[in-house]
Amino acid sequence: MQIALFQPDIAQNTGTILRLCACLGMAAHIIEPAGFPFSDRLFRRAGMDYLDHVSVTRHDSWPRFEDWRAAKGYRLLLFTTKAATDYRDFHYQSSDILLFGRESAGVTEAVVEAADARLVIPITPGLRSLNVAMTAAMAAGEALRQLRNPQV
């Protein structure tokens, strides 16, 4: 199981998600361009010393990431507020990539079309969205729970 971030623009969220990946033993992918340099103080502060314990691959563009993914045969699961499938009702596989969009703008139509599934974390009507780091934690938790208990 892996996590990919599409053009992240908030350093602290990215650092927090990479810390999550380190703690859960998940590889991480950053699809450039990011809205901050990887040397950013806030990015390093959010990731703390956990950044030394996570495998991070940086892809310099969406097409490069998609070429890599296609060659590996991994499923791409897009988490979006515009989906209809509840993330708790989806059946995850250990080779899945959980993809999260840019905090300010989500993902492009090309990314939506490439996704093998589009999943939503239901929230109270009238509210816009969860923080992307919180969404990543919830998604990873559910996916890993299912893999631990395949009958669920």
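With that, the lining of the largest pocket has 13 nonpolar, nine polar and five charged residues.

This is a predicted model, so local features need pLDDT of at least 70 and side-chain atom pairs count only at pLDDT 80 or more, while totals for chains, interfaces and linings use all residues. Residues are numbered from 1 along each chain as its sequence is written, and side-chain values use heavy atoms, with hydrogens and water left out.

What is a pocket here? On a 1 Å grid over the protein atoms alone, a pocket is an open set of points with protein on both sides within 12 Å along at least five of seven lines; a cavity is a set of points where a 1.4 Å probe fits but cannot get out; and lining residues have an atom within 4 Å of a point. Grid points are joined across faces, edges and corners, and a volume is the space filled by probe spheres set on the points.

The largest pocket has a volume of about 700 Å³. Its lining consists of 27 residues, and those nearest its centre are Phe79, Thr80, Thr81, Gly106 and Ser129. Two or more lining residues come from each of strand E4 (76-79), strand E7 (117-120) and H5. E7 gives the largest share, three residues. Helices (H or I, at least four residues) and strands (E, at least two) are DSSP runs, numbered from the N terminus.

How many cavities of 30 Å³ or more does the structure hold? There is one. The largest cavity contains about 40 Å³ of space. Residues lining the largest cavity include Leu5, Pro8, Phe100 and Val132. Helix H1 (residues 11-24) supplies the largest share of that lining, three residues. By class, the lining of the largest cavity has five nonpolar, three polar and one charged residues.

Also in helix H1 is Ala22. Ala22 is buried, at 17% relative accessibility; buried means under 20% relative accessible area, exposed over 50%, and partly exposed in between (1.4 Å probe, protein chains only). Ala22 and Val54 are 32 residues apart in sequence, yet their C-alpha atoms are 4.5 Å apart in space.

Next, the charged pairs. The structure holds eight salt bridges, each a side-chain nitrogen of Lys or Arg within 4 Å of a carboxyl oxygen of Asp or Glu.

One of them joins the side chains of Glu32 and Arg58, at 2.9 Å from N to O. This pair links distant parts of the chain, 26 residues apart: Glu32 is in the loop between strand E2 (27-31) and helix H2 (41-47), and Arg58 is in strand E3 (residues 56-59). Is Glu32 buried or exposed? Glu32 counts as buried, at 14% relative accessibility, whereas Arg58 is partly exposed, at 49%.

A second example is Glu66 with Arg69, where the closest N and O atoms are 2.7 Å apart. Both sit in helix H3 (residues 62-72), three residues apart, about one turn of the helix. Glu66 counts as buried at 18% relative accessibility, and so does Arg69 at 7%.

Arg64 and Asp60 make another salt bridge, with closest N and O atoms 3.0 Å apart. Arg64 counts as exposed, at 52% relative accessibility.

Two backbone points. Most residues other than glycine have a negative phi, and most peptide bonds are trans. A cis peptide bond joins Glu32 and Pro33, with omega about 5°, and Pro33 is in the loop between E2 and H2. Gln7 has a positive phi, near 45°, and is not a glycine; Gln7 is in the loop between strand E1 (2-6) and H1.

Last, the position of one methionine. Met134 is found in helix H5 (residues 132-148). Met134 is partly exposed, with a relative accessible area of 46%. That is my list.

Technical notes
Nonpolar A, V, L, I, M, F, W, Y, C, P; charged D, E, K, R; others polar.
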